[in-house]
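Trainee: Could we go through this model together? I would like to begin with strand pairing.

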Amino acid sequence: MKNMIDQPHISLPMGSYLVSGSHFAMAEVVFQRMLSQKAPNTTAMVLDFVQAGDFLSPLQKFFSTVCCIRAGCEDYNSLFSEDGTDSIDRIFRYFEQTNLEEDDRNGMKRCLQALEELSILQGNGRLTKENYLRLHTANAMMSALQTLQIQGRISPFHAEELHATLMQTAKHLIPLENAIAAMRYSGNVVQSMTDLPVGSAVIFSANPTVTAQNTQLIRQLKTDILCRAKRGEPLLLIFHAGIYNPISAITDLIAGLQYQPNVTVLYVSPDIFCTATEGESVERFLNLFDYNLFSRHGGKSAQQVSALFGERIVSMASNAETKDLRLFSATIPDLLLHRNRTVTTTYTPTIRPYVPVEWILQMETAILYDTRTKEYFIL
């Protein structure tokens with residue numbers, strides 16, 4: 001890896017990369033090369049599940065506009081007016097501009113309307129930010145409805161009707177949050193993924209643990225990313241994955257981009273073999289990329305890296321020595337010159353890995369693995 005960093009003349013082939021290993025500097029080198037080789041008007045999107053800010057500085061060197069977004073409901077400040085006036089209408093207008101399925105869009109609208117109805121019935125007025133955050137979970141919605149019934153502020157028929165609506169729309173809460181989160185670009189200068197200016201960059205700072213919210217975020221972004229990819233826009237998509245991430249949703253997204261030549265993908269993990277795969281095959285995930293780049297791995301992961309490069313048959317030599325100890329079997333010169341013995345060499349075929357586990361455990365370089373040709377190179 002030191003060679004790869006210190007020798008800028010070492011070129012990396014163009015394509016998508018999965019980078020795994022304990023040397024993050026290797027991922028930085030790959031990212032820098034991708035930025036320096038990017039096509040004009042490339043739009044970069046970083047999904048950061050580590051929240052370490054590792055990619056911000058390089059992006060700022062290559063892009064004049066870099067937006068940073070936290071995918072969390074606490075950032076919805078500007079979406080709601082203080083008295084709730086126009087809040088829902090503003091969000092509904094955004095829904096109409098997206099590529100959401102009609103059923104999903106209508107479900108999320110009904111969910112927002114149910115939240116506002118609860119807020120009004122409680123005597124808190126229209127849906128402000130404060131009211132939204134107080135009611136935006138399924139448990140909070142049902143608890144508010146039960147309290148209204150106990151207080152007699154809602155008729156049994158109305159309560160039953162609203163309960164049915166809440167039960168039907170609760171499944172839209174997480175997609176709703178991610179749809180609203182997608183409206184938050186640098187103080188709402190950009191109001192949706194499709195409005196992100198061509199040639200700019202955005203960093204989504206997601207929850208570092210596996211959550212349903214992150215899965216929905218990836219699925220929400222998939223629609224907009226595919227839309228931009230299919231119209232031919234050069235895209236650079238980076239996953240700073242860490243150990244925990246919604247890999248099933250990411251697999252689905254990357255698989256949909258495999259045959260888009262205008263999209264370059266970089267996936268960075270400290271150890272892809274330790275990732276919570278949710279039933280996904282790690283090897284299948286590795287093969288979604290043109291190239292895998294491995295640095296040092298430990299434990300069982302080192303064995304899995306070694307297994308990727310196959311095995312070979314090596315002939316191991318072993319010697320057997322037979323001495324003739326009879327007193328008169330040899331002359332004095334034979335005894336002095338050790339000619340009273342016979343050495344027999346035999347060769348035993350042994351299976352050995354091309355890349356030994358011991359070497360991977362202590363590796364200071366990097367291995368570039370072409371998933372299509374199964375060839376590998378030491379960098």
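Trainee: In S6, which residue is the bridge partner of Tyr-17?
Mentor: The partner of Tyr-17 in S6 is Leu-266. Strands here are DSSP runs of E of at least two residues, and helices are runs of H or I of at least four residues, both numbered from the N terminus. Two strands pair if DSSP finds at least two bridges between them. This is a predicted model, in which local features need pLDDT of at least 70 and side-chain atom pairs count only at pLDDT 80 or more, while totals for chains, interfaces and linings use all residues. Residues are numbered from 1 along each chain as its sequence is written, and side-chain values use heavy atoms, leaving out hydrogens and water.

Trainee: How many bridges join S1 and S6?
Mentor: S1 (residues 17-20) and S6 (residues 263-269) are parallel and share 4 bridges.

Trainee: And what about S7?
Mentor: S7 (residues 291-294) also runs parallel to S1, with 4 bridges. There, Asn-292 is the bridge partner of Leu-18.

Trainee: Are the residues on the two faces of S1 buried or exposed?
Mentor: Tyr-17 and Val-19 on one side, and Leu-18 and Ser-20 on the other, are all buried. Buried means under 20% relative accessible area with a 1.4 Å probe, counting protein chains only. In a regular strand, side chains alternate between the two faces of the sheet.

Trainee: Changing topic, which residues of H5 and H7 meet?
Mentor: Leu-115, Leu-118 and Leu-121 of H5 are in contact with Met-141, Ala-144, Leu-145 and Leu-148 of H7, where contact means heavy atoms within 4.5 Å.

Technical notes
Buried means under 20% relative accessible area, exposed over 50%, partly exposed in between (1.4 Å probe, protein chains only).
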